[in-house]
Amino acid sequence: MDSSFCCCCLASIGVLNMTKSNEPIWWSLFSAGGMIAAMVFPVLIIITGILVPFGLAGDDPLNFEKIHSAASHPFIKLILFVIISLPLFHWAHRFKYTLVDVGMKSASTLISIVCYGGAIAGTIITAIALFKI
Amino acid sequence: MSTYLKPVPNTWWLKRKPYILFMIRELTSIFVAGYCIFLLILIFKLGEGSSSYSNFITTLQSPTSITLHIISLIFVLYHTITWFNLTPKILVLYRGEERISQRLVAGVFYFTWTAVSVVVAWLVLGF
Amino acid sequence: MVNRNKKIETGETMQLEILRYNPEVATEPSFQMYKVPFYEDWSILDAVNHIKNEIDGTLSYRWSCQMGVCGSCGIMINNIPKLSCGTFLRDYYPNKISIEPLDGFPVEKDLISDIDDFLTKLTDIKPYIIRNKGEEKSLDEGEYRQSPAELAQFKQYSMCINCMLCYAACPVYALDSTFIGPAAIALGQRYNMDSRDQGREDRQELIASHEGIWECTFVGECSAVCPKDVDPAAAIQRAKVSSTIDWFKDVLIPWRKKK
């Protein structure tokens, strides 16, 4: 069980040369993350980067009481978890291939570990942060 | 017979505009990740309590924060536009023999994006 | 408009800078400048034929139909892969035109590329109707019938003329020639999406491999340069979707019987 789990992980990041690639898992996460980032990030950036700092959204619209009580709700926590972790996987997959496309293919295993590992770490840290609310 | 293979420099993408635009599209992922980290920090501050969180919200008014936000917005918007324009190529739908117009499919995405943005703004800012 | 039949010389000329390579005398290619008469209706191929006939008979290049259906005459024209028979002097006049052999392929001589890798990939993808054992029809059983709607599903991918402009435009192939490439995958999809075919599993070994669709980063230039609007980029992304669905099915329902 343990060695086949290791096999799966290693195969996923391309260390084991499996003819039928395990890329689909990363590509699915990339696609989901990309769709989420495309849909909700622009408006969120406008809120935290323009509307709130310039006082265009009313008086203290992100005040602690309102946001904290909303974020304490498990459903909201789930939404926050999804909109942070999936775009991280979007970055991981796309950035890995960006580095490959500028000639770093020989280091692709290391790049995979850093990128996907980073996204996994970010996901875990997000869960911890949400747990602490 | 000796053939000649032209070497490919790592700056190949600077050679033509379509490749430059492609690389810019790929680099948008960095700004997506950047905003993820920002949201993550926001969540941590929320967990640290009222004063820590409120201080963080105040720093949103700093020129650094606003500048980073605006630069990120430009790149993330480019991600959104390229994403919605490319997805109809993948989402191939047929009505009998005729393929459903790619512009229509893209239009649905843009419409959904507008609706989602309005709903999110309304929910977050609590109007 | 110049009337070529009356051989009216306008006196106008254009400069073509062509990358020459003769492996018998040099280890690297070098540019050679030629001056050709400018005619409004001349293609690059016409100009190159003029050079070979009237100026320099040693110039070597491929061509055949002169009408954009054989796929022989692909070259780089000002760094963009194009068919020389379908590209015209008038669109560049009065500027100099730079001509090189297709990117991504080793050069044998002048504008002639070594395309063995491409041809191998075209055959490896199994570009023919594959039927399951026992489901082949004998001749007296009649044809495999197909509706116009079913034809529409793959017709676009059948239009490929194997000109390799897509490979020349693809940076992934330039960086790593183990990549199966746009035309081969589009050809695979042409059969995968043909209602008469049952061989998708047979092709997945190649298509869904690391060297297959997963190397593609959707640059999209392959589709931009395709003279037949095959849209190989879309074919590849669609294969990513179907391969992903397959993968999840395999993982979540490992006992399922495959067609």
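Helix 2 (residues 23–51) and helix 4 (residues 74–104) of chain A have axes that come within 7 Å and cross at roughly 120°, and they are therefore oblique to each other, since angles under 35 degrees count as roughly parallel, over 145 as roughly antiparallel, 65 to 115 as roughly perpendicular and the rest as oblique. Axes here are lines fitted to C-alpha atoms, for helices over the stretch in contact, with angles running from 0 to 180 degrees between N-to-C directions, and helices are DSSP runs (H or I, at least four residues) numbered from the N terminus.

This is a predicted model, in which local features need pLDDT of at least 70 and side-chain atom pairs count only at pLDDT 80 or more, while totals for chains, interfaces and linings use all residues. Residues are numbered from 1 along each chain as its sequence is written, and chains are lettered from A and ligands numbered from 1 in the order in which they are written.

Among the residues that meet, helix 2 of chain A brings Trp26(A), Phe30(A) and Val40(A), and helix 4 of chain A brings Leu86(A), Phe89(A) and Arg94(A), contact being defined by C-beta atoms, placed from the backbone, that lie within 7 Å. This contact comprises 14 nonpolar, four polar and one charged residues (Ala, Val, Leu, Ile, Met, Phe, Trp, Tyr, Cys and Pro are nonpolar, Asp, Glu, Lys and Arg charged, and the others, Gly among them, polar).

In chain C, helix 6 (residues 182–192) packs with helix 9 (residues 232–252) at an angle of about 60°, their axes lying 8 Å apart. Ile185(C) and Gln189(C) are among the residues of helix 6 of chain C that meet helix 9 of chain C, whose side includes Ile236(C) and Arg238(C).

Key:
Helix = DSSP H or I, 4+ residues; strand = E, 2+ residues; numbered from the N terminus. Contact = placed C-beta atoms within 7 Å.
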